[in-house]
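Hi,

Here is the structure I said I would pass on. Have a look at it first, and then read my notes below.

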Amino acid sequence: MSLHPILATAARDHYVHVKGVGTDTLAFARSIGSVFCARDGDDPIVTMTIEGDDPEKIPYASCRTAQLSLHTDYATFVRPPRFTISHCIEPDPAWPDGGQSITVMMRPLLAALRTERPELYRFLRDVPLAFRRNHEHSRYHANVEKWPILDGEDRVRFDRTLIEPILVEEGGSDADEALSRVREFDEYCEHSPHQVRIALAQDE
């Protein structure tokens, strides 16, 4: 089955900027592909409202954190969605300097990583890690699953805030080493030149 041209462009270029979508995000999403839903009966639309800064930078803390760490969406699910749509309903008051979204282009980043930090790359491919949601994990999953950050096709599954607490709880030399590698990869992504930054205006 071929991808819709918008999704094909996103797959090739890592992102695509679409204007004039209107206000019905779900209708637009359904017009270009199948829509992922975490559970039957759940709303597939996640509304993020910036209402202040969570001092501990905890993503999804009532959607009230001023900054999310770099992550792939739905990392705790066996088959996360391949694409994510970010739709601006009301722009940040500080737009265009505020409200930026960052997309990391993983193909060139991983190509650089293989050369610059081969041991980290091997860790990402070879070591399964537990991914656990917040206290609501059991609503969505019976178990805490383990996956490597990179699968056999170099597709990335990552969210430091889902991995880190378990490693800290576990303790010991192996957990400490894994924690160090996870933080190293997080920092590598954060400082990578292979990024696209977009501050969306209304209805983009």
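**Around proline 165**

Leaving aside residues up to four places away in sequence, proline 165 touches Arg132 and Arg160. Bear in mind that this is a predicted model. Proline 165 sits in helix H6.

**H6 against H7**

Next, the helix that holds this proline. H6 covers residues 160–170 and H7 covers residues 173–190. Their axes come within 9 Å and cross at roughly 160°. That makes the two helices roughly antiparallel, since angles over 145 degrees count as such. The crossing of H6 and H7 is left-handed.

Which residues make the contact? From H6 they are Arg160, Ile163, Glu164, Leu167, Val168 and Glu170; from H7 they are Ala175, Ala178, Leu179, Val182, Arg183 and Asp186. Sorted by type, the H6–H7 contact has seven nonpolar residues, five charged and no polar ones. Arg160 turns up here as well as among the residues that proline 165 touches.

**H4 against H7**

H7 also packs with helix H4, residues 118–126. Here the axes are 10 Å apart and the angle is about 110°, so H4 is roughly perpendicular to H7; the range for that label is 65 to 115 degrees. On the H4 side, Glu119, Leu120, Phe123 and Leu124 take part. They meet Ala178, Arg181, Val182, Glu184 and Phe185 in H7. By type, the H4–H7 contact splits into six nonpolar and three charged residues, again with no polar ones.

**The chain as a whole**

What does the chain contain in terms of helices and strands? There are seven helices and four strands, running α-α-β-α-α-β-α-β-α-α-β along the sequence. Of its 204 residues, 30% are buried. Taking contacts between residues at least 6 apart in sequence, 65% join residues at least 24 apart. The accessible surface comes to about 12,900 Å², and carbon and sulfur atoms account for 48% of that.

Cheers

Note on methods. Residues numbered from 1 in each chain as written. Predicted model: local features only at pLDDT ≥ 70, side-chain atom pairs only at ≥ 80, totals over all residues. Heavy atoms only, no water. Axes fitted to C-alpha atoms, helices over the stretch in contact; angles between N-to-C directions. Parallel < 35°, antiparallel > 145°, perpendicular 65-115°, else oblique. Left-handed = near helix turned anticlockwise from the far one by under 90°. Contact = heavy atoms within 4.5 Å. Nonpolar A, V, L, I, M, F, W, Y, C, P; charged D, E, K, R; others polar. Buried < 20%, exposed > 50% of the residue type's maximum accessible area, 1.4 Å probe, protein only. Areas by Shrake-Rupley, 256 points an atom, 1.4 Å probe, with all protein chains shown as cover.
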